[in-house]
Amino acid sequence: YDTTRLTKTGQRIDVSLTVSPILGRQGEPIGASSIARDVTDRKRLEAESKKLNEELERRVEQRTAELAEANRRLEGLVASKTDFVASVSHELRTPLTSVIGFAELLMDSSAEFDRAQRLDLLAAIADQGYELANIVEDLLVAARSEIGDLNVSKVSVNLRAQTAQVMESMRNEEARAVALSGEAQFVIADPQRVRQVLRNLVTNAIRYGGAHIAVSVDEPVDG
């Protein structure tokens, strides 16, 4: 059996003690002998091995949990990507259908339209082409942002001037009918990103905000 003993120097060591009986001539026990072996090193190695195994098990459990979480995130990302692709496909299909439809109409029946009608059709094609360009730009910005390759400058930006520029560049009649009010307000931002945000806000307002849309550029209120 294993036990501990004190050496002459007072050091406590682990020993394996073997006790054997001493038998007389008739086989009767007349005493006992004991052999003590120093197993301190063995015990230390066993303790270290147990500790390493426990640490390995802990790391395996931790890594398994991390992999499970990564798998859940990946599944969520795949689902999100699928929804994103479906949404983008829908967003692209609408202006593409209009561009193709108007272009085919001009090709097949150009002679039936007067100059003003042809210009209206061309303007409609240009409007839908502008919408497509905006969608593609949004996709490129999202892709660059995801890979950390989106450059953002920090300069003084006149919000009213940027808003007016965005509304002037939007070719549809609904955008031209949006009322813009307010004075010049300056912020530190990236002009291109500001225009992108403003364009999306105005576009969504036109689509879902009803018949009367107004944009007001006001000084922020503290608190």
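Threonine 163 has a relative accessibility of 2%, so it counts as buried (under 20% relative accessible area, with exposed meaning over 50% and partly exposed in between, for a 1.4 Å probe and protein chains only). This residue belongs to a predicted model, in which local features need pLDDT of at least 70, side-chain atom pairs count only at pLDDT 80 or more, and totals for chains, interfaces and linings use all residues. Residues are numbered from 1 along each chain as its sequence is written, and side-chain values use heavy atoms, with hydrogens and water left out.

Threonine 163 sits in helix α3, which covers residues 159-169; helices (H or I, at least four residues) and strands (E, at least two) are DSSP runs, numbered from the N terminus. Apart from neighbours within four places in sequence, threonine 163 is in contact with Leu180, Leu198, Val215 and Val217, where contact means heavy atoms within 4.5 Å. The buried residues of α3 are Gln162, Thr163, Ala164, Val166 and Met167. An α-helix has 3.6 residues a turn, so residues three or four places apart point the same way. The elements packed against by the buried residues of α3 are α2 (115-146), β4 (155-158), α4 (173-176), β5 (179-182), α5 (191-208) and β7 (214-217).

With 9% relative accessibility, arginine 199 counts as buried. Its contacts, leaving aside neighbours within four places in sequence, are Tyr130, Asn134, Asp138, Val166 and Met170. One of these, Val166, is among the buried residues of α3.

Stepping back to the whole chain, the protein has five helices and seven strands, in the order β-β-β-α-α-β-α-α-β-β-α-β along the sequence. Its radius of gyration is 40 Å, well over the 17 Å that the globule rule gives for 223 residues, so the protein is more spread out than a compact globule; the radius is taken over C-alpha atoms, and the rule is 2.2 Å times the number of residues to the power 0.38. The C-alpha trace spans about 135 × 50 × 30 Å along its principal axes. Of the 223 residues, 19% count as buried. Among contacts between residues at least 6 apart in sequence, 60% join residues at least 24 apart.
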